Structure formats: structure tokens, C-alpha cells
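I opened my notebook today to look up a few things about this structure, and you are welcome to read along. Have a look at the picture, and then follow my entries.

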Amino acid sequence: MSAEASVGSHAADSTDPQPMCHNTDGPRNPNMLGSKYVKLNVGGSLHYTTVQTLSKEDSLLRNICTGGTDVTVDSEGWVVLDRCGRHFELVLNFLRDGLVPLPEDSRELDEVLKEAQFYRVQGLVQHCLSAMQKQKDVLESVCRIPMITSAKEEQRMIATCRKPVVKLQNNRGNNKYSYTSNSDDNLLKNIELFDKLVLRFNGRVLFVKDVLGDEICCWSFYGEGRKIAEVCCTSIVYATEKKQTKVEFPEARIFEETLNILIYEDNRKSGPGGLHLLDSSLGAGHSEEEGATGGDRRVRRIHVRRHIMHDERGHGQQTVYKD
């Protein structure tokens, strides 16, 4: 073969298209549009797909196919991506089908969002954000009522909560006397009122239950981390032969105190005149009120008549109240 022919053959060989992947590791900028298939090694997870799939959206994966992004190709022709491959199959399925079921767990959903943002797959990013918003809407519509398990937990919860707090202490077993005939009905009415208030003021007020406390039925109202008012619904009735515990249902007063603490919402700070405004709104009633003063802070304690003696010797006799 002549020298000219040899040179010509060598020149012809040099113009042949180079293979997509070389047998040497290192960063490269290959153009894969001339190929049909792509082998991807994503954090040790191997995926075999097509250039057409990766090019469906204007993303990082399309840039890899067009050579617009430097990538590393190993000796076996796998494009190596230094990412966790746990959710990459989901990314590929979204590019293939345009829609994929997302994980219900919020943490996993956030991981998928991070991967979609890294690969710049905007369709999947929007899909994840919509799913997150739906989860948020569902959570906000659910009424969650914490149960107090210790005094320390209660103090921490009230001190850190930015909302007004209403606590119902309900411990029917903490009673050494028998109950009056209407007490159980009134106890259930207090619990039903609590549930109704939870639904009505959900999102504005934090409602908590305490079934371990000393009181049989007592409402406590907190604002800005401190107790504002208290409504105790129990009393001791001195009958002819034995003492009995009576549970009242002061519905109007409980509802009034719930409305009063709304002044302690984040966007309605009471300021220095808050207590004065609440005190001036109190109306006269048949209940007893006790004011506990600690510095400039006062707690309104509203109780039904604590100790009642009924003279049952004759109808119409005067009822004697013992304080």
C-alpha cells in the first residue's frame, strides 16, 4: 500500500464518529443525541433509559444528553451521577408518563422535591408542591387535642404556645363522695361544649385536655403564657345524711371566657389595657369570683357555690350557703 493511501486511510478513520462512552474514567462532555439509549449510575443505582425520555423536559438530564453539562463516564460506559438513587426511578417515570403517584410520607415527599429541583424537572417540582399543599390543607382541617401527661409538659406547652389556650380538667374518678342526680349529665355537657368549642375556634385557640388533675371538672383559660381565668364547675352539697359532689354546667360563662381570651391572639395583643378590657366586660352572675393578685397580674377564678347545705325538713325552707 502506498504512503498516500495509508495517510488517506488514517485520515478517513479519524473522521469516524467517536463512541458515546470511553473506557477511561473522568469528566467528559459527550453529545448523546446521536445515541438511542443511555446508561445511568445514580449513586450506585443503575438505570437504563432512552435519550428521548431524558429530553422530554428542559432539565439537567436534557443538558447531559446534549453535552451541555460535564459528566463522568466510567470504563463500562455508565454515566455516573453523584446523587442518591432512591427516588431517581420516580423522576424517570415522571418523564415517561407525565404523572406519578407520590409518597404520602411528608419526609419522603420532601426528598422527591429536592431531587426534582436538582434535576430541574419543573413538572415534577410543581407536582410535589401541589401534593404538599394538599397535605397542609388536610392537617389544618384536622382538630388535634393534646392530652396532658404531666405538670411539666403542661407548663412547657402553655409557655411556648403563641395561641390562647383553653384547658378542660376532667377527672370523674377523683371524688370521695357520691354524685348528685344531675352531675353526670352536666359532666357530659361540659365535655360536649369543649368539643363544640374546639370545632368553632380550631386554628385560633389551642384546646387541651387533662384527665389526671385534682379537679373533677374545671376550665382554665391562658393567654400569653399565663393563666387568665378559671371556671370551676364542682361543688360539695351537704345533704341531711351525707355529702355529695355536684357538677354544674355554666355554659354562658365558659363561652364568655373563651371569647375573652381571643384578645390574646398573635394579631390582637392585649397590651397594657388588655386586662382592664377583659375585667370591664364581666357581667354579674350567680357565681363567686375570686381575684388572685400577683404583682400586676390577676387571675379570675369563677366558682359555683362551693359548700351548700340543704334543709330538707320542709318544702320551701331557706337554703343555707356555707362559705
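**Entry 1: salt bridges**

I found that R86, E108 and E111 are linked in a network of salt bridges. I noted what counts: a salt bridge is a side-chain nitrogen of Lys or Arg within 4 Å of a carboxyl oxygen of Asp or Glu. Before going on, I wrote down that this is a predicted model, where local features need pLDDT of at least 70, side-chain atom pairs count only at pLDDT 80 or more, and totals for chains, interfaces and linings use all residues. Residues are numbered from 1 along each chain as its sequence is written, and side-chain values use heavy atoms, with hydrogens and water left out.

How many salt bridges does a search of the whole structure find? I got 12.

**Entry 2: three pairs**

I looked up R83 and E115, whose closest N and O atoms are 2.8 Å apart in a salt bridge. This pair links distant parts of the chain, 32 residues apart: R83 is in the loop between β5 (79–81) and α4 (88–97), and E115 is in helix α5 (residues 106–119). Helices (H or I, at least four residues) and strands (E, at least two) are DSSP runs, numbered from the N terminus.

Is E115 buried or exposed? E115 counts as buried, at 9% relative accessibility, while R83 is partly exposed at 25%.

Next I checked D184 and R172, which form a salt bridge at 2.8 Å, N to O. D184 lies in helix α8 (residues 183–200) and R172 in the loop between β6 and β7 (178–179), so the pair ties together parts that are 12 residues apart in sequence.

R253 is buried at 10%, and E256 is partly exposed at 23%.

**Entry 3: strand β6**

Why do I call strand β6 (residues 165–170) largely enclosed by the rest of the structure? Six of its six residues are buried, so I do. In a regular strand the side chains alternate between the two faces of the sheet. Here I saw V165, K167 and Q169 point one way, and V166, L168 and N170 the other way.

I then looked at its partners; two strands pair if DSSP finds at least two bridges between them. Five bridges join β6 to strand β8 (residues 206–210), and these two run parallel. V166 has F207 as its bridge partner in β8. With strand β9 (residues 217–223), β6 pairs in the antiparallel sense over six bridges, and there Q169 stands opposite C218.

Definitions and conventions: Buried < 20%, exposed > 50% of the residue type's maximum accessible area, 1.4 Å probe, protein only.
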